[in-house]
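Student: Hey, can you walk me through this structure? I'd like to know what I'm looking at.

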Amino acid sequence: MNWSLSSPNPLFAWLLVVASGVCEIAFSVLMKECDGFTRPVPTAGAVGFGLVSIWLMSVALRGVPLGPAYAVWAGIGTLGTALLATLIYQEPMTPMKALFFALVVVGIIGLQTGE
């Protein structure tokens, strides 16, 4: 199996997309904690996770197509951030929001199985 960053095989590239999406979640949550970039530690964390997310995605794109990869990355970031916002900040999760988040999951699965 090719675990090379210069030319990742599709499985490894998709793992990089997922890792990038997880970093995107951390970036988003830390952005909330930055308080307009007035708090140095969360600001440094947000910048760091944001850069790692972009770097991982750029490497992943060497082995997977842009359209589906971006949709999966954005979906992971969207769903993970929404879930953490509900758990950490008690943002409301209405049945309608839950339905539309479920549709995001269906879209991600569809993109993966429709190739």
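Student: Let's start with S20. Which residues does S20 touch, leaving out those up to four places away in sequence?
Tutor: S20 touches S53, L56, M57 and W73. Contact here means heavy atoms within 4.5 Å.

Student: Where does S20 sit, and is S20 buried or exposed?
Tutor: S20 is in helix α1, which covers residues 10-34. With 0% relative accessibility, S20 counts as buried. Buried means under 20% relative accessible area, exposed means over 50%, and partly exposed is in between (1.4 Å probe, protein chains only).

Student: Before we go on, where do these numbers come from?
Tutor: This is a predicted model, where local features need pLDDT of at least 70 and side-chain atom pairs count only at pLDDT 80 or more, while totals for chains, interfaces and linings use all residues. Residues are numbered from 1 along each chain as its sequence is written, and side-chain values use heavy atoms, with hydrogens and water left out.

Student: What about a nonpolar core? Which residues have the most contacts inside the largest one?
Tutor: Those are W14, L16, V17, M57, V64, A69 and V72, in a core of 17 residues. Helices α1, α2 (40-60) and α3 (66-89) each supply at least two residues of this core, and α1 gives the most, with seven. A nonpolar core is a set of buried Ala, Val, Leu, Ile, Met, Phe, Trp, Tyr and Cys residues joined through side-chain atoms within 4.5 Å.

Student: Why would those group up like that?
Tutor: In soluble globular proteins, nonpolar side chains tend to be buried together.

Student: Pick one for me. What does V17 touch?
Tutor: Setting aside residues up to four places away in sequence, V17 touches M57, A60, V64, A69, V72, W73 and I76.

Student: New topic: how many salt bridges are there?
Tutor: A search of the whole structure finds one. E33 pairs with R39, and the closest N and O atoms are 3.2 Å apart. A salt bridge needs a side-chain nitrogen of Lys or Arg within 4 Å of a carboxyl oxygen of Asp or Glu.

Student: How far is C34 from L11 in space?
Tutor: They are 35 Å apart, C-alpha to C-alpha, and 23 residues apart in sequence.

Student: Last one, E24. How far is E24 from G50?
Tutor: E24 and G50 are 26 residues apart in sequence, with their C-alpha atoms 6.3 Å apart in space. E24 is in helix α1 and is buried at 17% relative accessibility. Apart from neighbours within four places in sequence, E24 contacts S53, W73 and G77.

Conventions: Helices (H or I, at least four residues) and strands (E, at least two) are DSSP runs, numbered from the N terminus.
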